[in-house]
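Notebook open, model loaded. I'll jot down what I look up as I go.

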Amino acid sequence: EYYGLTNKSSVLDVGCAKGFMLYDFAQALPGIRVAGIDISNYCVREQALPQVRSRLQLASCDHLPFRDKSFDLVVSIATIHNLLPDGVRRSLREIERVSRKHAFIKINGHHNEQERIDFEKWNIVAQTSLSAEEWKIMFEEEGFSGDYAWFKA
């Protein structure tokens, strides 16, 4: 409802894993066009939910294989911070590029030293750990206009 999605909308999940969120979108809005990318062959090809497997592609979040303005909503949960800063920057630009209307990302974004330490203990694959303020600066520098939220470790 927040993004005004209908069964005629389109959603891309960047870092979709096995496609669970895309399946949920399809159940909530029959007819919605869903797509997902992930770098894990295990998730996309071997273990994806059968109902969405044909909509998933093996790809990286810093090079999305879609045309400009392809999706009404682009979502990325716990994905882009797994790249080094240059890859994160490319990912933000790519998400913005393929989004026709809305984008939402959820990433680490600490507010103090203890949160940074806790997050780094919790997420061992993240390559980019920034404060919430540093993320906001990067969003502005890369032209990311979507919504965002922080993980709490």
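Which backbone oxygen lies 3.1 Å from a polar atom of the side chain of His110? I looked it up, and the backbone oxygen belongs to Leu130.

Ground rules next. This is a predicted model, where local features need pLDDT of at least 70 and side-chain atom pairs count only at pLDDT 80 or more, while totals for chains, interfaces and linings use all residues. Residues are numbered from 1 along each chain as its sequence is written, and side-chain values use heavy atoms, with hydrogens and water left out.

Back to His110. I found His110 in the loop between strand S5 (99-108) and helix H4 (113-122); helices (H or I, at least four residues) and strands (E, at least two) are DSSP runs, numbered from the N terminus. His110 has a relative accessible area of 11%, so it counts as buried (under 20% relative accessible area, 1.4 Å probe, protein chains only). Leaving aside neighbours within four places in sequence, its contacts (heavy atoms within 4.5 Å) include Glu115, Arg116, Ser129 and Leu130.

Then I turned to strand S1 (residues 10-14). Five of its five residues are buried: Ser10, Leu12 and Val14 point one way, Val11 and Asp13 the other. S1 pairs in the parallel sense with S2 (residues 33-38) over five bridges (pairing takes at least two DSSP bridges), and Val14 has Ile37 as its bridge partner there. S1 also runs parallel to S4 (residues 71-77), joined by three bridges, with Leu12 opposite Val74.

Definitions and conventions
Buried < 20%, exposed > 50% of the residue type's maximum accessible area, 1.4 Å probe, protein only. Polar contact = N/O pair within 3.5 Å; in protein donor to acceptor, adjacent residues only side chain to side chain.
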